Amino acid sequence: MSSLKAFLPKLSEIIGISADALYSRQRALVQLGVLNAKPGRGPGSGAPLEAHNLAALLLALLCADSLQETDDKVRLLCEARPTDVKKCRLTGATTLQEAVAMLLTNPELLKKIDGISVHQGPLFPQHSLPHLNWYAAIYYARGTMVSSFEAKQQRADLLPAVRIQLSTDHATLTRIAHAFAEETAQ
């Protein structure tokens, strides 16, 4: 099985972040317990290249601008649950990380999506909450449908008091999914 670290140069070409910076994120995610990783050094250790791990890395990039911000909020975002329903309307997943992993491995689902966005602060203005949360949305059906996810409540001091939205589009996700499929097929 290929390692996530070995895949990072390909991912770097697609998203425009250096492989070294991505590897630093990967190491931080292993320390947070977000990535599946085998302890030790050398071949067979580290984070394997699997959809679950790649999804977590992508979500970390969408919710943390820098390595210093790769903290507990990434874990909370990965564990985000669908809002108002038990399962994602598009994928049937129960967490955001699981939904993104499914998109990366299922070409039929991937064809349907327009993009993924991560929001710091309420996703919907009418859900004005006294605390700040991380929300994510998977847009599909030409933007007419959305599957939204909300992270567990967080302490307000974990997030700055500024609303931020980061997103990635269908084309980028498709390129990542194709590179992932090629790498894991070997």
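Predicted model: local features only at pLDDT ≥ 70, side-chain atom pairs only at ≥ 80, totals over all residues.
Figure 1. The chain has seven helices and five strands, and buried residues make up 46% of its 186 residues.

**Figure 2. Close-up of helix α1 against helix α2.** Two packed helices are described by the angle between their axes and the distance between the axes. Helix α1, residues 4-15, and helix α2, residues 19-32, pack at an angle of about 130 degrees, and their axes are 8 Å apart. That angle makes α1 oblique to α2, and α1 passes α2 in a right-handed crossing. On the side of α1, the residues that meet α2 are L4, K5, L8, P9, L11, S12 and I15, and their partners in α2 are A19, L22, Y23 and Q26. Sorted by class, this contact of α1 with α2 has eight nonpolar, two polar and one charged residues.

**Figure 3. Close-up of helix α1 against helix α7.** Helix α1 also packs with α7, here at an angle of about 160 degrees and with the axes 10 Å apart. The two helices, α1 and α7, are therefore roughly antiparallel to each other, since an angle over 145 degrees counts as roughly antiparallel. The crossing in which α1 passes α7 is right-handed. From α1, the residues F7, K10, L11, E13, I14 and I15 meet T172, R175, I176, A179, F180 and E183 of α7. The residues of this contact of α1 with α7 divide into seven nonpolar, one polar and four charged.

Figure 4. Helix α3 covers residues 51-63, and at 1.5 Å a residue its 13 residues should span 18 Å, which agrees with the 18 Å between its end C-alpha atoms. Twelve of the 13 residues of α3 are buried, so this helix is largely enclosed by the rest of the structure. The buried residues of α3 are A51, N53, L54, A55, A56, L57, L58, L59, A60, L61, L62 and C63.

Figure 5. P48 and A6 are 42 residues apart in sequence, while in space the distance between them, C-alpha to C-alpha, is 9.3 Å.

Figure 6. The place of H170 is in helix α7, which covers residues 170-185. At 28% relative accessibility, H170 counts as partly exposed. Leaving aside residues up to four places away in sequence, H170 touches L110, K111, I113, D114 and G115. For one of these, G115, the C-alpha atom is separated from that of H170 by 4.9 Å, although the two residues are 55 residues apart along the chain.

Figure 7. D84 has a positive phi of about 65 degrees although it is not a glycine, and D84 is exposed, with a relative accessible area of 72%. T95, at 16% relative accessibility, counts as buried. Not counting residues up to four places away in sequence, T95 touches C78, E79, A80, R81 and F149.

Figure 8. The phi of R142 is near 55 degrees, which is a positive value in a residue other than glycine. R142 is exposed, with a relative accessible area of 79%.

Conventions:
Residues numbered from 1 in each chain as written. Heavy atoms only, no water. Axes fitted to C-alpha atoms, helices over the stretch in contact; angles between N-to-C directions. Helix = DSSP H or I, 4+ residues; strand = E, 2+ residues; numbered from the N terminus. Parallel < 35°, antiparallel > 145°, perpendicular 65-115°, else oblique. Left-handed = near helix turned anticlockwise from the far one by under 90°. Contact = heavy atoms within 4.5 Å. Nonpolar A, V, L, I, M, F, W, Y, C, P; charged D, E, K, R; others polar. Expected span 1.5 Å × (residues − 1). Buried < 20%, exposed > 50% of the residue type's maximum accessible area, 1.4 Å probe, protein only.
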